[in-house]
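User: Hi! Could you walk me through this model? I'd like to begin with one residue and its surroundings.

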Amino acid sequence: MLHKLRVLQALKGNALRQARVRLGIKSRPKAPVLAQPDANIIERHSMICRRLADYWPAGYVLNGDSVCEIGPGDCLAAAAFFVAKGATHVDLVELQPPVLTEKQFSILTALKTKGFPIALNILSANAGGYALNPGYISYFEDQMEKYQVADRHGLVFSHHVLEHVEDLEAMFTSAYRALRPGGRTLHVVDLGGHGQFEEPIPPLDFQTYPDWLFAAMYPPHHRNTRRFVADYRAAATRAGFTQIEIRATHTAEKNYLAGIQPRLRAAARRQPVEDIAVIEFTLTAVK
């Protein structure tokens, strides 16, 4: 489905991005969630906490384990959740610098007030505001593919991150290396449209655009990679993971899927119908 205005917006955004690169203008640090009204932030961070509780690997207890979270963005809710649930330490792997403000602390406090397990002591107050408590949190300002840690963690977690990863096999290999033997990984992956193609645009419309147009709209590292369920399973398998379980958490409506399937790009049409219908899923696996 050609959403002309949204395509033009994406093309314009990419043109500006490329111009900044050519001129050597560095992009500003981003805080896309914390820039929103408090109610919106609390709603989103509450959703992540609820999902952690709902999708938690059966029988897994954090006591004595450390955790690695991939791509938390400007959200510290999951890290605070892990520490409150018994994690001894959390490594955050994120390209953007941490957001350490009074607002960040107040959001965590609001989540704790709502009854979520939240460790407020992951942040320490100082003269300039707040700092990450090094006793609980380490921050790696890089991609997970370059995270050189071995046999450390009991859990590797991400929420709506893997759909952006360009080198999926390197990411899973890094996650596998970072886990101790018997450690687990839990990922929530969003295969729907991003940016200009989020709701209310139907979730598979962005899969109708040819690769050349989509690449002009969204370059690498600034896009949903448009991979499919099978790609994630295959990458996890090649990295060495076992007991891989994929569970759909959101699927396209049958009537919408039947209507749009003939218009999908060729790679999408080759996928089994039950897989292309998956808009969001969880992937759990064991080292």
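Analyst: Happy to! Leaving out residues up to four places away in sequence, E145 touches V165, D167, A170, M171 and S174, where contact means heavy atoms within 4.5 Å. This is a predicted model, in which local features need pLDDT of at least 70, side-chain atom pairs count only at pLDDT 80 or more, and totals for chains, interfaces and linings use all residues. Residues are numbered from 1 along each chain as its sequence is written, and side-chain values use heavy atoms, with hydrogens and water left out.

User: Where is E145, and is E145 buried or exposed?

Analyst: E145 is in the loop between β5 (137-140) and β6 (153-159). Its relative accessible area is 18%, so E145 is buried; buried means under 20%, exposed over 50%, and partly exposed in between, with a 1.4 Å probe and protein chains only.

User: How far apart are E145 and S174?

Analyst: In sequence they are 29 residues apart, and in space 5.8 Å, C-alpha to C-alpha.

User: Now R223. What does R223 touch?

Analyst: Not counting residues up to four places away in sequence, R223 touches E163, H164, E166, F214 and Y218. R223 is in the loop between α6 (211-217) and α7. R223 and T251 are 28 residues apart in sequence and 21 Å apart in space, C-alpha to C-alpha.

User: Which residues of α7 are buried?

Analyst: In helix α7 (residues 229-239) they are V229, Y232, A235, A236 and A239. They lie on the same side of α7, because they cover an arc of only 135° around the axis; the arc is that of the directions from the helix axis to the C-beta atoms.

User: What do those buried residues pack against?

Analyst: The buried residues of α7 pack against α5 (168-178), β7 (179-190), β8 (242-251), α10 (273-276) and β9 (278-286). After α7 comes G240, with a positive phi near 115°.

User: Zooming out, how many helices and strands are there?

Analyst: The protein chain has 10 helices and nine strands. Helices (H or I, at least four residues) and strands (E, at least two) are DSSP runs, numbered from the N terminus.

User: And how much of the protein chain is buried?

Analyst: Of its 287 residues, 49% count as buried. Among contacts with a separation of 6 or more, 78% are between residues 24 or more positions apart. The C-alpha trace spans about 55 × 45 × 35 Å along its principal axes.
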